[in-house]
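Subject: Structure handover

Hello,

Here is the structure I promised to pass on. Please open it alongside this note.

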Amino acid sequence: MAQVIKTHKPLATQPIKSGQPLGAILASLGIERCIPLIHGAQGCSAFAKIFFIQHFNEPIPLQSTAMDPITTVMGSDDNIIQALAHLCEKSNPRLIVLLSSGLSEAQGSDMNRALKEFRKQYPKFERNEIVTVNTPDFYGSLENGYSALVESLITQLVPEQKLRSIRKKRINLLLSHMLTPGDIELIRQYVEAFGLQPILVPDLSRSMDGHLVKQDYLSVSQGGADVNMLRQLGQSSLTLVVGPSMQRAGQLLSTRSGVESVYFPHLMTLAEVDRFIHTLQQLSDRQVPEWIERQRGQVTDTMIDTHTWVNDTRIAIGAEADLLVAWMAFAESVGMNAVSVVAPVNQPCLAALPVEKVLIGDLEDLQQQVEEKGCDLLLANSHGAVMAETLHLPLMRIGFPIFDRFGEFRRVRQGYAGIRDNLFEIANYQQQACHGRPVYHSPLKQPFAQSALHTEEEVA
């Protein structure tokens with residue numbers, strides 16, 4: 001059991017934390033033809049948009065209700081109604097996610113009341129689904145906002161039913177924010193390889209994977225989980241939950257529709273990925289495909305090849321709780337030692353981490369701990385680059401946002417392929433830090449006298 005300690009600094013100088021609205025926006029980008037609408041000032045959406053554009057290098061659909069000083073004091077329901085009508089008229093989205101901000105939460109705005117009034121005034125937009133979610137940014141972090149939206153999708157879209165028709169080959173996957181579009185794509189391939197039909201919630205692998213589309217520009221998300229399929233989550237035979245923050249969503253779905261769930265804290269150790277594949281094998285009653293067995297063999301071979309470099313590596317991590325759980329399990333499974341662990345906010349799963357102390361703070365706290373204890377490798381988002389440069393340590397970029405490397409947003413970190421590539425990356429960092437790989441010199445190379453070369457050039 002870890003002791004969770006909160007710092008009492010009045011100011012976060014190098015924050016790890018991203019607000020709840022960013023988490024809800026990230027999850028909504030994994031729903032097809034969806035547009036998130038922040039109930040707040042224009043700045044609330046502007047800052048969020050910059051983060052997402054830098055992370056994904058893609059245009060991001062996002063709007064705000066543009067609260068001003070008068071509506072903030074006198075009431076802003078009209079802003080919501082006008083914004084919803086404008087979005088439905090202009091973009092015809094399949095789903096609008098109406099999320100609150102710190103400003104509207106402090107005002108005490110009732111978004112559900114405004115939504116009822118909108119439905120009364122504009123019955124012609126009844127086919128446009130609207131889901132509300134409370135995401136005050138003065139509480140929690142990206143992780144809370146992300147899981148809150150998934151729970152809202154379940155409670156507001158999935159019908160309650162006692163007797164249900166079951167589709168045996170269909171399974172639900174509730175996926176944590178720690179999974180990149182590359183991770184989600186790999187998980188989909190695992191499931192489909194067993195002949196099963198997955199419904200991924202949310203599905204960033206088909207919307208934020210960095211692909212070009214035929215249309216020049218769309219004001220809604222392009223790809224992702226289908227809203228009609230979300231309504232049918234209660235008909236699936238099983239739900240696979242990946243990530244501690246998704247456990248509550250799995251329980252909600254089970255309570256509403258009776259679909260049992262199997263929980264996986266992560267897919268970053270050989271034991272957890274084996275359990276995931278074994279679950280799929282039992283559910284489908286099929287043999288494990290050869291390409292999956294081959295990927296597993298690659299992981300075990302990589303462990304043998306890299307263990308001298310990876311074993312006893314001292315790491316320092318600053319990340320959201322789900323990521324900490326996953327990376328700590330990975331580190332423990334390959335013999336690495338975590339000397340410093342910092343999370344942006346407290347979450348229930350942090351107390352179970354296999355370390356003495358988890359500090360609730362920012363990257364400045366992480367830097368102070370590293371200066372006292374030392375380490376070989378830093379793991380954090382792109383905000384940790386300055387700290388890594390100051391301490392002359394390599395930085396392995398994880399989490400959100402990552403804005404100083406191309407392709408990091410879809411790097412595979414989970415599954416057999418992710419474990420293999422993580423080991424290679426860490427071993428290369430360690431080898432480079434120790435002495436670097438020597439430049440190859442061929443033993444067959446013949447030395448030639450400079451004078452002889454000059455003579456030949458003069459004759460020519």
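Below is what was found in it, topic by topic.

The model is predicted, so local features need pLDDT of at least 70, side-chain atom pairs count only at pLDDT 80 or more, and totals for chains, interfaces and linings use all residues. Residues are numbered from 1 along each chain as its sequence is written, and side-chain values use heavy atoms, with hydrogens and water left out.

A word on naming. Helices (H or I, at least four residues) and strands (E, at least two) are DSSP runs, numbered from the N terminus.

**Backbone points**

Start with the cis peptide bonds. One runs from Val201 to Pro202, with omega near -15°. Pro202 sits in the loop between strand 7 (197-201) and helix 9 (227-231). Another cis bond joins Phe400 and Pro401, with omega about 0°. Pro401 is in the loop between strand 14 (395-397) and helix 16 (415-434).

Next, positive phi. Asn57 is not a glycine, yet its phi is positive, about 55°. Look for Asn57 in the loop between helix 2 (42-56) and strand 3 (63-64). His392 is not a glycine either, and has a positive phi of about 60°. His392 lies in the loop between helix 15 (385-391) and strand 14.

How exposed are these residues? Asn57 has 45% relative accessibility, so Asn57 counts as partly exposed. His392 has a relative accessible area of 71%, so His392 is exposed.

**A link across the sequence**

Ser221 counts as buried because its relative accessibility is 4%.

**Salt bridges**

Side chains of opposite charge can pair when their charged atoms come close. The rule here is a side-chain nitrogen of Lys or Arg within 4 Å of a carboxyl oxygen of Asp or Glu. By this rule the count is 20 salt bridges.

Here are some of them.

- Arg113 and Asp77 meet at 3.0 Å, N to O. This pair links distant parts of the chain: Arg113 is in helix 6 (residues 111-121), Asp77 is in helix 4 (residues 77-91), and they are 36 residues apart.
- Asp274 pairs with Arg296, the closest N and O atoms being 2.8 Å apart. This pair also links distant parts of the chain: Asp274 is in helix 11 (residues 270-284), Arg296 is in helix 12 (residues 290-310), and they are 22 residues apart. Asp274 is partly exposed, at 24% relative accessibility. Arg296 is partly exposed, at 31%.
- Asp404 pairs with Arg397, with the closest N and O atoms 2.9 Å apart. Asp404 is partly exposed, at 28%. Arg397 is buried, at 11%.

There is also a network. Salt bridges that share partners join Lys9, Asp362, Glu364 and Asp365.

**Helix packing**

Two packed helices are described by the angle between their axes and the distance between the axes. Axes are lines fitted to C-alpha atoms, for helices over the stretch in contact, and angles run from 0 to 180 degrees between N-to-C directions. Angles under 35 degrees count as roughly parallel, over 145 as roughly antiparallel, 65 to 115 as roughly perpendicular, and the rest as oblique. A crossing is left-handed if the near helix is turned anticlockwise from the far one by less than a right angle, and right-handed if clockwise.

Helix 1 (residues 20-28) packs on helix 7 (residues 142-157) at about 45°, with axes 6 Å apart. These two helices are therefore oblique to each other. The crossing of helix 1 and helix 7 is right-handed.

Helix 11 also packs against helix 16, at about 165°, with axes 9 Å apart. That makes helix 11 and helix 16 roughly antiparallel. Helix 11 passes helix 16 in a left-handed crossing.

Over to you.

Best wishes

Key:
Buried means under 20% relative accessible area, exposed over 50%, partly exposed in between (1.4 Å probe, protein chains only).
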